[in-house]
Amino acid sequence: MSTYIFVSGKNWTLSLAELGTYFQTRNLKFKIDYFSTEFCKLTVESPLNTKIINDLGGTIKIAQIKTMVPTKIFKEAFLERHKPAQKQLSQTIASSEVLEGILCAPDKVLFGISIYTSDNTIKPLGGRIQRFIGSAIKDELAVRGKKSRFMGIGQDRSEAQLSHVEVLKKNLVENQAEVLFCMGKTHTWIANTIAVHNPFEFQKRDLYKPNQRAIFGMSPRLARIMVNFSGCMQGKVLLDAFCGVGTILQEALLEQASVVGMDVNPWCVKAAKENLEWLTDEYSLGGTDFRVLQGDVARLAEKMGVESVDCVVSEPDLGPALREIPTGPYAQRIIAKLEPLFFEFIEEAYRVLRSGGRLVVVTPLIRTRSREAVVMALDEKLKEVGFKRVYAFTDDMFGLAAPEHGRLMGTASFGEIDEHHKIGREIHILQK
Ligand SMILES: C[S@@+](CC[C@H](N)C(=O)[O-])C[C@H]1O[C@@H](n2cnc3c(N)ncnc32)[C@H](O)[C@@H]1O
């Protein structure tokens, strides 16, 4: 058994659900032993290949757990400033395996510390905890004859955490030189970062592909999460019936799936093709299998053939660009106008999917002046067509120690909206 910490992206439920479906798709046995808004602790049967971080859109860091202390020691040490508790912490760190990698690094080593906690009493003390632990580690390394530099974090930061970019740029993964303190309600896990999300790779696919569309574009990270939700992997056929410039298709192609795109707009068809050709070259994929067709979704089954694909992943039109936050009734009218397109798509997607295949679809989520979000009601249509909702969280994913996982069980869809946006996304996972 191996245990790891997965540090989540901003939308932690989306990140956790992605992890679960990723492991299930690959038949990897796992248990989530603990989760919070910041991280989850996961036990797997055999050691993980750290490269899986490149397959996940919602994970920022993966870390290997080296030791564990009761969280109450942190509280005593830093909330109550209890000296014996501080000493106990320094001793635990000094005697743990968390320094082994740093000790093997060549020359004067640079190391950093990140604190992950959802406890608002401890959060403001993050900077102090980090400096205390930093100097305890530096002292211990000196005792063992290792020169080191501690990578502090500016006072202006609200979180005592190194960003993935900092960890990448300073090569902290290679030297196992980022130490994470992941505080749960009762236990704090001390771990070394072994993999970090590479934003430059995702950015490259976003900004350097030959054809882009600023307004309609979806981020490659979200596209990857949706592809993972669909159960897509090597050997499967994935269709995006509203492919735009091909963001979702790109991510599926990187999973070595066969991909088919369709769009009503001929410019998009050409743009998506060029982007997929670019991706094949840029990532030396060789032997990729993709097609992009021009057509209206109303004729999807006719064009594609019934029961011809394993996964459909799409983001249809989400409505007009809004200058200001709409009223509730106006948002309802936007949704009502879009419904025929979505409902027709759901019917057609059902026809082209093989039995057991999944549809992952985005519907609009509109922020309104009354602060209540307006969304599209799908359930009646799903029932009429025959789709079942896939609940991303199931009891068997969680270990006995995972607290409060019951509240995740009923999660039927995922909302995703940027703080300053008026239209966001609701992501649904459906099965034929
Ligand atoms: C929100 S965009 C999809 C963006 C895409 N995920 C991307 O990253 O480029 C929706 C796309 O659906 C296409 N579209 C709209 N109505 C359609 C229809 N009836 N049939 C097929 N495609 C349609 C539009 O041309 C547009 O490219």
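Me: Is Glu251 buried or exposed?
Reply: Happy to start there, and keep in mind that this is a predicted model, where local features need pLDDT of at least 70, side-chain atom pairs count only at pLDDT 80 or more, and totals for chains, interfaces and linings use all residues. Residues are numbered from 1 along each chain as its sequence is written, and side-chain values use heavy atoms, with hydrogens and water left out. A residue is buried under 20% relative accessible area, exposed over 50% and partly exposed in between (1.4 Å probe, protein chains only). Because the relative accessibility of Glu251 is 0%, the residue counts as buried.

Me: Which helix holds Glu251, and which residues is Glu251 in contact with, leaving aside neighbours within four places in sequence?
Reply: Helices here are DSSP runs (H or I, at least four residues), numbered from the N terminus. Glu251 lies in H9, residues 247-254. Contact means heavy atoms within 4.5 Å. With neighbours within four places set aside, the partners of Glu251 are Phe202, Arg205, Pro220, Ala223, Arg224 and Val227.

Me: What span should helix H1 have, and what is the distance between its end C-alpha atoms?
Reply: The expected span of a helix is 1.5 Å times one less than its number of residues. H1 covers residues 12-25, which is 14 residues, so the span should be 20 Å. The end C-alpha atoms agree with this, being apart by 20 Å.

Me: How many residues of H1 are buried?
Reply: Trp12, Leu14 and Phe23 are among the buried residues of this helix. H1 is mostly covered, and of its 14 residues the number buried is 12.

Me: What share of the ligand's accessible area does the protein cover?
Reply: Good one to finish on! Look for polar contacts, pairs of N or O atoms within 3.5 Å: a ligand oxygen is 2.7 Å from a side-chain N or O atom of Arg213, and a ligand oxygen is 2.6 Å from a side-chain N or O atom of Asp263. Accessible areas come from the Shrake-Rupley method with a 1.4 Å probe. Of the 600 Å² that the ligand has on its own, the protein covers 93%.

Methods
Polar contact = N/O pair within 3.5 Å; in protein donor to acceptor, adjacent residues only side chain to side chain. Helix = DSSP H or I, 4+ residues; strand = E, 2+ residues; numbered from the N terminus.
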